[in-house]
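Dear colleague,

Please find below the structure that I am handing over to you. The notes after it set out what was found.

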Amino acid sequence: MKNPKSILITGANSGIGEALAKEYAGQGVTLYLSGRNLERLDKVKTACEVMGATVLTKIINVTDEIKMSEWIKECGALDLVIANAGISSGGNVPIKDIFDVNVNGVFHTVEPALIGMSKRGQGQIAIISSIAGYRGLPSSPAYSTSKVAVKAYGEALRGLYHDQGIEINVICPGFVRSRITDKNNFKMPFFMEAEKAAKIIRKGLANNKRLITFPWQMRIIMGSLVRFMPEFLLGKILRGLPIKK
Ligand SMILES: NC(=O)c1ccc[n+]([C@@H]2O[C@H](COP(=O)([O-])OP(=O)(O)OC[C@H]3O[C@@H](n4cnc5c(N)ncnc54)[C@H](OP(=O)(O)O)[C@@H]3O)[C@@H](O)[C@H]2O)c1
């Protein structure tokens with residue numbers, strides 16, 4: 001969709017979600033922004049309003065299926081829904097918690113949005129996976145598995161809704177500045193600012209790209225490693241990645 005006018009973003013008070021909200025903010029645009037931290041969400045709301053957008057915020061946990069469904073229904077006709085909220089495995093977060101947010105949270109966002117979009121026969125849904133969603137990684141088993149799951153879910157839905165006028169896209173960022181990467185104490189190759197990531201995502205969504213993987217260096221490296229490298233060699237390389245603590 002080239003110029004979405006009503007846009008819902010989960011996890012919009014920080015990092016990539018915040019940058020996306022500001023990227024889309026403008027005259028004639030209505031933003032529905034969510035998160036759990038009110039103070040940060042209010043700051044993003046004010047910044048987007050200054051840019052001319054109408055902003056409605058919601059403090060809501062993506063793990064709450066019923067409340068998410070009610071909220072998304074209340075928002076009415078949505079052009080674009082970005083299922084962005086997510087957590088990393090840093091600090092020994094239990095695998096169940098990671099799945100509740102990164103996988104169930106995406107289901108709780110996408111499924112109610114699809115109901116409204118199916119009725120109207122139009123709309124776009126973007127799911128934030130990760131470069132870590134290209135395969136299970138020994139450096140972050142829980143996180144990478146959650147991102148593999150939502151990548152597969154988005155790819156599956158893209159086929160399922162292809163003939164119904166609904167565009168479904170999966171986004172696989174590499175390392176982007178955010179509260180998640182602020183905690184990393186290892187060198188992050190091809191590190192990118194969130195504002196630049198938001199511009200790449202917007203362009204990819206406008207062109208309805210199936211997979212929006214960036215930076216391009218990561219796309220080439222990860223894409224060719226997973227596709228062409230013999231497993232014994234790939235396994236050796238992946239075992240060398242720093243463990244996310
Ligand atoms: N940064 C990267 O390098 C990178 C790379 C690949 C993929 N990603 C993905 O990008 C997405 C955004 O992450 P980020 O890097 O921008 O990190 P971030 O700065 O920590 O932002 C995460 C956002 O998700 C929200 N969130 C977390 N748990 C939530 C919950 N249970 N309910 C509602 N909102 C919740 C947070 O809001 P509250 O704090 O208010 O809950 C925050 O707005 C995630 O899905 C992440 O996995 C990031």
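I begin with F190, which lies in the loop between α6 and α7; helices (H or I, at least four residues) and strands (E, at least two) are DSSP runs, numbered from the N terminus. Please note that this is a predicted model, in which local features need pLDDT of at least 70 and side-chain atom pairs count only at pLDDT 80 or more, while totals for chains, interfaces and linings use all residues. Residue numbers start from 1 along each chain as its sequence is written.

Backbone features

Most residues other than glycine have a negative phi, and most peptide bonds are trans. F190 is not a glycine, yet its phi is positive, at about 55 degrees. This residue counts as partly exposed because it has 15 C-beta neighbours inside 10 Å (buried means 20 or more other C-beta atoms within 10 Å, exposed 12 or fewer, partly exposed in between, with C-beta atoms placed from the backbone). N208, also not a glycine, has a positive phi of about 50 degrees. N208 is found in the loop between α7 and β7 and is partly exposed, with 13 other C-beta atoms within 10 Å. Finally, the peptide bond between F214 and P215 is cis, with omega at about -10 degrees; P215 belongs to the loop between β7 and α8 (216-228).

The chain as a whole

The chain contains 9 helices and 7 strands. Its radius of gyration is 17 Å, close to the 18 Å that the globule rule gives for 245 residues, so the chain is as compact as a globular protein of that length (the radius is taken over C-alpha atoms, and the rule is 2.2 Å times the number of residues to the power 0.38). Along the principal axes, the C-alpha atoms fill a box of roughly 50 × 40 × 30 Å. Of the 245 residues, 42% are buried.

The sheet and its helices

The 7 strands of an open sheet follow the order β3-β2-β1-β4-β5-β6-β7, with parallel pairing (two strands pair if DSSP finds at least two bridges between them). At the edges stand β3 (54-59) and β7 (211-214), each of which pairs on one side only. From one strand to the next, the twist averages 15 degrees (axes are lines fitted to C-alpha atoms, for helices over the stretch in contact, and angles run from 0 to 180 degrees between N-to-C directions).

Strands β4 (residues 80-83) and β5 (residues 123-128) are parallel and share 4 bridges; I82 has A126 in β5 as its bridge partner. Strands β5 and β6 also run parallel, joined by 6 bridges, and Q124 stands opposite E167 in β6. Since 7 of the 8 residues of β6 are buried, this strand is largely enclosed by the rest of the structure.

Helix α1 lies across β1 (6-9), β2 (30-35), β4, β5 and β6 (166-173), and runs at about 170 degrees to β1 (contact means C-beta atoms, placed from the backbone, within 7 Å). Helix α7 (residues 194-206) packs on the sheet as well, touching β5, β6 and β7, and its direction makes about 155 degrees with that of β7.

The ligand

Which residues come nearest to the ligand? Of the 29 residues around the ligand, these are G11, G15, R36, G86 and S178 (a residue is near if its C-beta atom, placed from the backbone, lies within 6 Å). At least two residues of this shell come from each of α1 (15-24), α4 (95-120) and α6 (179-182). By type, the shell holds 11 nonpolar, 16 polar and 2 charged residues (Ala, Val, Leu, Ile, Met, Phe, Trp, Tyr, Cys and Pro count as nonpolar, Asp, Glu, Lys and Arg as charged, and the others, Gly among them, as polar).

Yours sincerely

Notes:
Two residues are in contact if their C-beta atoms, placed from the backbone, lie within 7 Å.
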